[in-house]
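Biologist: Please take one part of this model and look at it closely. Then set that part against the rest of the chain.

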Amino acid sequence: MSCNWNLTSAVYDPVNGLVYAVNCPLNEVLVFNTSNYHISSIQVGKEPTGITVNPTNGYLYVSNKGNGTISVINPDTGEVVNTIYVGGSPTKIVYGDGYLYVFNRLSNGSDVIDVVSQHGVVGEIITENYSDIVYDPVTGYAVFSTTNGGIYAIKGTKVVASNTSDEFNCITVGPAYVLAVNPNNGDIYGESNTSIIVYNPYNLSIINVISTSGYPYSLTYYNNALYSLKAVLIASALGYVDITENLCEINLKNGSSKVLATFPSEYNSEAEFYCYSKYNVLTGANNELIAVGTSPSPIAIVNVTSGVWMGIGVNVDDIDGVYDPITGYIYAVDHYSNIIYVINPATDKVVKILPTVFSP
């Protein structure tokens with residue numbers, strides 16, 4: 001099993017319908033077309049880990065942990081047009097209100113959030129044990145959480161609101177490991193091991209708590225619901241911990257939740273645990289969620305109505321195949337990804353991907 005595709009972060013651009021996913025091992029950004037499943041790549045800096053998009057011009061910003069830089073990509077040309085030096089080891093990144101907010105661990109071991117313009121770092125906010133960060137377009141705040149239970153809102157170089165309490169109605173809710181934002185009313189959602197926490201977007205007070213369980217990898221708001229990707233740990237026969245992931249849908253009106261889809265252990269197996277990160281990102285598009293992660297199916301497209309998903313693989317377990325003399329195409333089944341590849345032997349290209357049964 002290879003770590004050649006280990007997608008640590010991704011964004012969806014609704015203007016061009018493309019998904020951009022950071023592939024850390026190969027120092028590149030994968031460009032995934034959700035219409036025809038075509039994948040291309042853009043080379044960036046060393047050990048890229050985070051990506052964000054400027055919605056006003058579509059420019060992409062990639063944080064490169066290995067050389068302390070941010071690569072700026074023009075999506076029209078698919079090229080890096082600028083490199084911003086920030087130093088340290090930048091990881092997660094969001095764009096908002098003309099600034100980039102970047103988690104960074106400096107060479108002296110301290111944790112900061114760099115506030116970055118197109119010319120470089122304009123300010124630093126000292127923090128520790130940071131966990132996740134999102135931008136709220138309603139308030140204009142960048143909101144970040146820490147593993148010790150704090151949540152903070154930033155406007156430019158200043159902290160404008162904070163909440164360091166992890167209790168609600170005398171119940172401990174725990175730190176918000178992952179965050180999401182409701183772009184309609186600005187509400188901030190955080191998820192701990194026990195709860196979905198709803199925060200007031202202006203003062204970050206807790207306004208509601210929904211019980212849940214499982215270690216959250218990512219959280220996204222899409223089509224009036226929350227979708228959480230959770231890890232389920234299973235002991236393997238070799239004594240290692242294997243990981244299966246459940247995609248859960250949380251109803252914000254009544255607080256109920258259900259497992260929408262389950263990715264089997266082959267999707268994110270323990271063999272991939274030694275890659276840099278196992279965090280996944282969910283992105284909404286066309287009544288679908290797009291989950292990105294590690295081999296062998298680093299991209300999974302999930303229908304939010306039926307929960308049916310298909311994977312786009314890099315290490316294809318082509319159990320069987322057949323040549324059709326009428327169409328001239330080869331049809332090969334992928335055991336891991338639950339799909340059939342339609343291949344044109346004249347061009348050696350995949351021309352179509354067909355969903356099929358589980359583990360064909």
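Modeller: First, a term: a residue is buried under 20% relative accessible area, exposed over 50%, and partly exposed in between (1.4 Å probe, protein chains only). This is a predicted model, in which local features need pLDDT of at least 70, side-chain atom pairs count only at pLDDT 80 or more, and totals for chains, interfaces and linings use all residues. Residues are numbered from 1 along each chain as its sequence is written, and side-chain values use heavy atoms, with hydrogens and water left out.

I take strand β10, residues 99–105. Strands here are DSSP runs of E, at least two residues, numbered from the N terminus; helices are runs of H or I, at least four residues. β10 is mostly covered, with five of its seven residues buried.

Start with strand β9, residues 89–96. Two strands pair if DSSP finds at least two bridges between them. β9 and β10 are antiparallel and share six bridges. Within that pairing, V94 faces Y101 of β10. The hairpin of β9 and β10 leaves two residues between the strands, and D97 takes a positive phi near 55° there.

Now strand β11, residues 111–117. Six bridges tie β11 to β10, again antiparallel. F103 has I113 of β11 as its bridge partner. The hairpin of β10 and β11 has five residues between the strands. In that hairpin, G109 has a positive phi near 95°.

Most residues other than glycine have a negative phi. Two further cases sit elsewhere. N223 lies in the loop between β23 (215–222) and β24 (225–235). Its phi is near 55°, a positive value in a residue other than glycine. N223 counts as exposed because its relative accessibility is 53%. N224 lies in the loop between β23 and β24, with a positive phi of about 65° although it is not a glycine. At 56% relative accessibility, N224 is therefore exposed.

Next, an open sheet. Four strands build it in the order β1-β2-β3-β4, with antiparallel pairing. Its edge strands, β1 (7–13) and β4 (39–43), each pair on one side only. β1 meets β2 (residues 18–23) over six bridges, running antiparallel. There, Y12 has V19 of β2 as its bridge partner.

Finally, the whole chain. The secondary structure comes to 34 strands and zero helices. Of its 360 residues, 54% count as buried. Contact means heavy atoms within 4.5 Å. Among contacts between residues at least 6 apart in sequence, 38% join residues at least 24 apart.
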